[in-house]
Amino acid sequence: LKKIQVAIDGPASAGKSTVAKLVANNFSYVYCDTGAMYRSITLKAMRLGYNLSDEIRVVEMLKDTDISFEPNAEQQKVFLDGQEVTNEIRQEDVTNSVSEIASLSGVRFDLVKRQQQIASNGGIVMDGRDIGTTVLPNAEVKIFLIASVQERAERRLKDNAEKNIHVPLDQLKKEIEDRDYKDSHRQISPLVKADDAIEIDTTSMSISDVVNEISKIIKNNG
Ligand code: C5P
């Protein structure tokens, strides 16, 4: 069976990473969470006290920044310069600052190259915002996952509770809307559905329903 490229894009908290990981497992494909890459460099720049819109400095920083993933059944571990940052990159301060760094063209140029390298042999499920449009425009399967803001905020509330993070639902809704607005309105590769992507509204679907639907699409394309 040919090992294809699967691109999964969509707005914040639409369940992309949960679903992408399970789909990758189904086919023994590699899973790559590109949001974790943008989050990791945001964390590093914040720790260094950089101004997040200082493109020259941030791009310079990327030259000696290593981001790697360790696959793990439950949760994929993320390493920044050899140090685990899996939980740190999900903190509220990183989440609410990442769109700023992600709008810098030099940053996108660098990370997109890394992502294309990771996907070059196929057998990959990659999730993000611009995978179907920019990173893997020739991906055999492109999925665009959406869900209502209310549903996405409720899912995030549940996730947060497990991590002992407590932010009220209304604030989560506002943060999700703000991030979607920034990601959809930036100049370089904004969040947009690729013309040839299949849109799936997950608002009233279970995780396994979504995984099964995408798996079916992959089988029909493989
Ligand atoms: O997917 P996740 O919510 O972890 O992504 C965090 C942020 O990283 C997004 O809000 C967006 O600003 C940025 N991002 C991006 N392009 C991608 C993946 C993520 O700009 N391919």
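How far does a polar side-chain atom of serine 99 lie from an oxygen atom of the ligand? The distance is 3.3 Å.

**View 1. The predicted model and its confidence.** This is a predicted model, where local features need pLDDT of at least 70, side-chain atom pairs count only at pLDDT 80 or more, and totals for chains, interfaces and linings use all residues. Residues are numbered from 1 along each chain as its sequence is written, and side-chain values use heavy atoms, with hydrogens and water left out. The protein averages a pLDDT (the predictor's confidence in each residue, from 0 to 100) of 95. At least 70 is the score of 99% of the residues. For the complex, the predictor gives an ipTM of 0.98 and a pTM of 0.95.

View 2. Aspartate 183 places a polar side-chain atom 2.7 Å from an oxygen atom of the ligand. For arginine 186, the distance from a polar side-chain atom to a ligand oxygen is 2.9 Å. Taken alone, the ligand exposes 450 Å² (Shrake-Rupley method, 1.4 Å probe). The protein buries 96% of that.

**View 3. The shell around the ligand.** The ligand is surrounded by 16 residues (a heavy atom within 4 Å). Closest are Arg39, Arg108, Asp130, Arg179 and Asp183. The shell divides into eight charged residues (Asp, Glu, Lys and Arg), four nonpolar (Ala, Val, Leu, Ile, Met, Phe, Trp, Tyr, Cys and Pro) and four polar (the others, Gly among them).

**View 4. Helices of the shell.** Helices are DSSP runs (H or I, at least four residues), numbered from the N terminus. Helix H2 (34-47), helix H5 (98-102) and helix H9 (169-185) each give two or more residues to the shell. H2 gives the most, with four residues.

Terms used. A polar contact is a pair of N or O atoms within 3.5 Å; within protein, one must be able to donate a hydrogen and the other to accept it, and residues adjacent in sequence count only if both atoms are side-chain atoms.
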